[in-house]
Amino acid sequence: MIPLARRYGGPTVRYVLLSVFALVALLPTYVMFTGAFKSQDQFIRSPFGLPLEPSLDGFVRVWSAQFPVWFMNSVVVTGASVILTVAVAALAAWGFANWSFRGKSGLLAVIISLMVIPPVVLLIPLFQVGAQLGWISTYRLLILIYIGLMLPFSIFMLTNFFSTVPGSILEAARVDGASSWTTFTRIVLPLSKAPLATLAIVNVLWAWNELLLALVLMQSDDKKTLMIGLTGFQSRYSLDIPTVMAGMSIATLPLLVVYLIGQRSFIQGLTAGSIKGE
Amino acid sequence: MTGGVAPSTLAPGRIAVRRSSPGSWQPWLWIAPAIAVLLAIFGYSIVALFGESLTFQGDWVGLENFGLIFSDPLFTTGLLHNGLLLLAVPVLAAFATFFAVLLFETKRGLGFYRAVVFMPYVLAVPVVAVVFGQLLQRNGPINEALRSAGLSAIALDWLGDPNVALWTMAGVIMWKEVGFGVVLILARMLTVSTEMYEAAKLDGAGFWRTHWSITLPEIRPILGFYVVTEAITMVSWVFNYVYVLTNGQGGPGNATVVSELYIYRNAFQYQQPELAAAAAVILFLGTMLFVIVFVRMQRRSLRVSS
């Protein structure tokens, strides 16, 4: 492969293009993290420069506001919804992968198609029901809806994976008299640690970053998630760029760390819906 | 096994033997919790939505709400903007393919570049929108940089000029989404047997020839998947960008109003849930068109076939 690349002349051209591309991809993140340590003046004077006199004022201002509460709300909603989603999806995926039954492929097709229904379509009825139940600004409503929205992809991905568990192992378990529950918990789940972790990460990313549903369903200030808080933050502090950037940095850092550590499986997970046999 | 979405990659022999006792209730026990949640969230909502779109304050009004929204220029403007955003999809696909090929040809630093290129996809849309909102101010950092480079002619008022704002939005969306395409296409390319490329090299095929005749046919299914996914994004998942970049207004003027924003504002700001429901029904039906294509593609890639 290397000679092939060399023959096409321009490794230099290629690296220049790639570097420009990488620079453009990184620039906003860089501006965000460095901006968080600048003063307003420094940011205006040199937005792309390094923070030569780093200050933590932005972080202090952010943390003294409602920010810690929003952060915890995001942790609770994301944590609970992702754990429950992975559990429910694993059960369903095993049901799909281990048995064949009438209507299975049709049901799977319907579930897959749910992946693309935009949340805004569901929002009006869900808001009205939530209001009737008195569940607006409660964790349970948002968690339940997040589970619903994350399930289709999760079931799809795990069904695909469980189907690759070699039949001979399952056959052996059955001959030994293991129930389907035992087979599932003792054999299938331990074999699936990596895809389960990947799925959890992909779902954490989605739930942590979700805006629209949380915006409508979490109205009281002490129930807002980080993304809603930050969005309002921006308009309130629009003249205080370092504070906004500091808030964004804190909101982004956990996911970025997870991404950089588990980058490989992360990418595999997000492409799992479409590429097979890697 | 070369992977990919073609049905020929299904290997039924490898898949476990299923207990296919006819009429078995067992699998349903496992699936039941998921079905219950999906029925509550999707089933109920969609039925209720259609019901609401045909009523006004509880009374049956037939298709009147639909008549009202289609005579509302703001709604048709929103639809038009979604349509214009679709024009970005082929550009996005071309960029993604180009950079995937570049990465494919690069052995040194492949992992690094891939991680960097994919990073925008991991960032939250609100974060992306806020940062770009700062960068793209009329006298913001990007324009200052352009001016000092002697390019003041293209230092536009990115978010303030009604003729430009929607395309700026498209640019930001593309910036975030292109990494997903690169990663998808690259993953597919890496499963193509190297012998094909070696053979092409021996035959003296050049860069363009090689990728036109080998790469493009191989990545066509995955490219199709990417195009459909991004088309769905442009039609029904751009709310976050518009909301954050324009403070929920769709401005300047109505330059960046999209159908999702129209629905959101009618439902939760103007208290006209019936009109919002009618608009949501239209958006739902529009999305279903893409869904049909999408499901066909996914089903081909799904290994479990009964």
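**A close look at chain B and its partner**

Mentor: Chain B has a mean pLDDT of 85, and 90% of its residues reach 70 or more, where pLDDT is the predictor's confidence in each residue, from 0 to 100. Over residues 1–17 of chain B, however, the pLDDT is below 50, although this stretch has 40 contacts in the model beyond near neighbours in sequence; two residues are in contact if their C-beta atoms, placed from the backbone, lie within 7 Å. Where pLDDT is low, the predicted coordinates should not be read in detail. This is a predicted model, in which local features need pLDDT of at least 70 and side-chain atom pairs count only at pLDDT 80 or more, while totals for chains, interfaces and linings use all residues. Residues are numbered from 1 along each chain as its sequence is written, and chains are lettered from A and ligands numbered from 1 in the order in which they are written.

Chain B has 13 helices and 2 strands, these being DSSP runs numbered from the N terminus (H or I and at least four residues for helices, E and at least two for strands). Of the 306 residues in chain B, 45% are buried; a residue is buried with 20 or more other C-beta atoms within 10 Å of its own, exposed with 12 or fewer, and partly exposed in between, the C-beta atoms being placed from the backbone. Among the contacts in chain B with a separation of 6 or more, 73% join residues 24 or more positions apart.

Helix α4 (residues 88–105) of chain B and helix α10 (residues 207–236) of chain B have axes that come within 9 Å and cross at roughly 140°. Axes are lines fitted to C-alpha atoms, for helices over the stretch in contact, and angles run from 0 to 180 degrees between N-to-C directions. The two helices α4(B) and α10(B) are therefore oblique to each other, given that angles under 35 degrees count as roughly parallel, over 145 as roughly antiparallel, 65 to 115 as roughly perpendicular and the rest as oblique. On the side of α4(B), the residues that meet α10(B) include B:Ala88, B:Leu92, B:Ala96 and B:Val101, while among their counterparts in α10(B) are B:His211, B:Leu223, B:Tyr226, B:Glu230 and B:Met234. By class, this contact of α4(B) with α10(B) has 11 nonpolar, 3 polar and 1 charged residues (Ala, Val, Leu, Ile, Met, Phe, Trp, Tyr, Cys and Pro count as nonpolar, Asp, Glu, Lys and Arg as charged, and the others, Gly among them, as polar).

Another place in chain B leads towards chain A. B:Gln134 is found in helix α6 (residues 125–135) of chain B, and B:Gln134 counts as buried because 23 other C-beta atoms lie within 10 Å. Leaving aside residues up to four places away in sequence, B:Gln134 touches A:Ile241 and B:Gly140. B:Gln134 and B:Phe225 are 91 residues apart in sequence and 33 Å apart in space, C-alpha to C-alpha.

Taken as a whole, the contact between the chains draws 88 residues from chain A and 98 residues from chain B. On the side of chain A that touches chain B, the largest share, 11 residues, comes from helix α2 (residues 11–35) of chain A, and that side has 62 nonpolar, 21 polar and 5 charged residues. The model scores ipTM 0.88 and pTM 0.88.

Chain A averages a pLDDT of 87, with 92% of the residues scoring at least 70, and its confidence is highest in helix α5 (residues 67–98) of chain A, at 95, and lowest in helix α1 (residues 2–7) of chain A, at a mean of 48. Chain A has 15 helices and 0 strands, and buried residues make up 50% of its 278 residues. The C-alpha atoms of chain A fill a box of roughly 75 × 70 × 30 Å, taken along the principal axes.
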